[in-house]
Amino acid sequence: MKRGIFTNKTLTYNISNNKFIKIKHYMNIDKRIEVLIDEIIRVNHAGESGAKQIYKYQAKALKSENDKNQIKAMLSQELVHLEYFDKIGKELQIRPTLMSLIWNIGASSLGVITGKIGIKAVMSCTAGVEKVIQKHYECQLLQIDDFLNIINQDNKYYKILQNLKHNIEIFLQDEKEHYECGNEYINESMMFNVIKETSSVLTKFAVFISTKI
Ligand SMILES: [Fe+2]
Ligand SMILES: [Fe+2]
């Protein structure tokens with residue numbers, strides 16, 4: 001591996017234990033930014049695509065019109081998020097994760113199962129998924145800021161990082177609202193807490209794998 005001039009430590013989020021760690025980098029700065037942009041777009045595209053599938057199938061499976069509409073409102077925001085990562089991914093020629101098909105099947109199944117159980121299960125799933133996505137987006141914003149603080153505006157990646165930052169900040173607000181909406185439904189019931197935690201674990205796993213392949 002080429003040893004670049006930037007060997008400073010950077011704050012990085014370790015998804016497996018929910019902690020920020022400091023790691024040492026040996027790639028040059030442009031290569032590190034390129035890797036980060038590639039990972040962010042691929043994993044976020046996968047995440048938003050999964051969210052779309054979950055909400056779409058939950059909305060279909062739920063019985064009450066009121067519940068359906070609540071989920072459709074969140075779905076419409078996920079479609080905006082997905083459209084952005086789809087567009088920028090195509091522009092920058094970043095391929096989607098190789099796991100797309102499997103994640104979509106998994107997300108659709110999660111949507112159908114929780115939707116059939118009812119709105120409390122749906123919202124427990126939402127709280128579990130969005131909790132992970134929130135932390136994930138917060139981590140990405142820190143990583144982006146890390147680079148924006150050390151590169152010049154004439155760097156070829158500056159505008160892309162700014163654009164990603166701007167959009168992720170907006171999407172993060174939506175995901176926070178989704179989380180809060182889901183969390184309101186969670187009570188002491190063992191079953192709903194199990195659904196929430198299972199959804200969190202599955203999301204963490206999918207995020208981790210999608211970052212890699
Ligand atoms: Fe989203
Ligand atoms: Fe969301």
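The dialogue below takes the features one at a time.

Me: What kind of model is this, and how are its parts labelled?

Reply: This is a predicted model, in which local features need pLDDT of at least 70 and side-chain atom pairs count only at pLDDT 80 or more, while totals for chains, interfaces and linings use all residues. Residues are numbered from 1 along each chain as its sequence is written, and chains are lettered from A and ligands numbered from 1 in the order in which they are written.

Me: How many helices and strands does the protein have?

Reply: Helices (H or I, at least four residues) and strands (E, at least two) are DSSP runs, numbered from the N terminus. Here there are six helices and two strands, and along the sequence they follow the pattern β-β-α-α-α-α-α-α.

Me: What share of the residues is buried?

Reply: A residue is buried if 20 or more other C-beta atoms lie within 10 Å of its own, exposed if 12 or fewer, and partly exposed in between, with C-beta atoms placed from the backbone. Of the 213 residues, 33% count as buried.

Me: Which residues have the most contacts inside the largest nonpolar core?

Reply: In soluble globular proteins, nonpolar side chains tend to be buried together. A nonpolar core is a set of buried Ala, Val, Leu, Ile, Met, Phe, Trp, Tyr and Cys residues joined through C-beta atoms within 7 Å. The largest one here has 38 residues, and those with the most contacts inside it are Ile 54, Tyr 55, Ile 71, Val 122, Cys 125 and Val 129. Two or more residues are given to this core by each of H1, H2, H3, H4, helix H5 (158-183) and helix H6 (190-212). The largest share, twelve residues, comes from H1.

Me: What does Cys 125 touch?

Reply: Two residues are in contact if their C-beta atoms, placed from the backbone, lie within 7 Å. Setting aside residues up to four places away in sequence, Cys 125 touches Ile 54, Leu 110, Thr 114, Ile 195 and Ser 199. For the protein, among contacts between residues at least 6 apart in sequence, 77% join residues at least 24 apart.

Me: At what angle do H1 and H4 pack?

Reply: Axes are lines fitted to C-alpha atoms, for helices over the stretch in contact, and angles run from 0 to 180 degrees between N-to-C directions. Helix H1 (residues 29-61) and helix H4 (residues 119-148) pack at about 165°, with their axes 11 Å apart. Angles under 35 degrees count as roughly parallel, over 145 as roughly antiparallel, 65 to 115 as roughly perpendicular and the rest as oblique. H1 and H4 are therefore roughly antiparallel. By class, their contact has ten nonpolar, four polar and no charged residues, where Ala, Val, Leu, Ile, Met, Phe, Trp, Tyr, Cys and Pro count as nonpolar, Asp, Glu, Lys and Arg as charged, and the others, Gly among them, as polar.

Me: How do the axes of H1 and H2 cross?

Reply: The axes of H1 and H2 come within 8 Å and cross at roughly 155°, which makes H1 roughly antiparallel to H2. The residues of this contact divide into eleven nonpolar, six polar and seven charged.

Me: Are H1 and H3 roughly parallel or roughly antiparallel?

Reply: The axes of H1 and H3 come within 7 Å and cross at roughly 30°, and the two helices are therefore roughly parallel. Their contact has nine nonpolar, ten polar and three charged residues.

Me: Where is Gln 53 found, and is Gln 53 buried or exposed?

Reply: Gln 53 is found in helix H1 and is buried, with 22 other C-beta atoms within 10 Å. Beyond its neighbours within four places in sequence, Gln 53 is in contact with Asn 104, Ala 107, Ser 108 and Gly 111. Gln 53 and Ser 108 are 55 residues apart in sequence and 5.1 Å apart in space, C-alpha to C-alpha.

Me: What does Ala 107 touch?

Reply: Ala 107, found in helix H3, touches Gly 50, Gln 53 and Ile 54, not counting residues up to four places away in sequence. Ala 107 counts as buried, with 25 C-beta neighbours inside 10 Å.

Me: Where does Gln 93 lie?

Reply: Gln 93 lies in the loop between helix H2 (65-91) and helix H3 (100-117). Gln 93 is exposed, with 7 other C-beta atoms within 10 Å.
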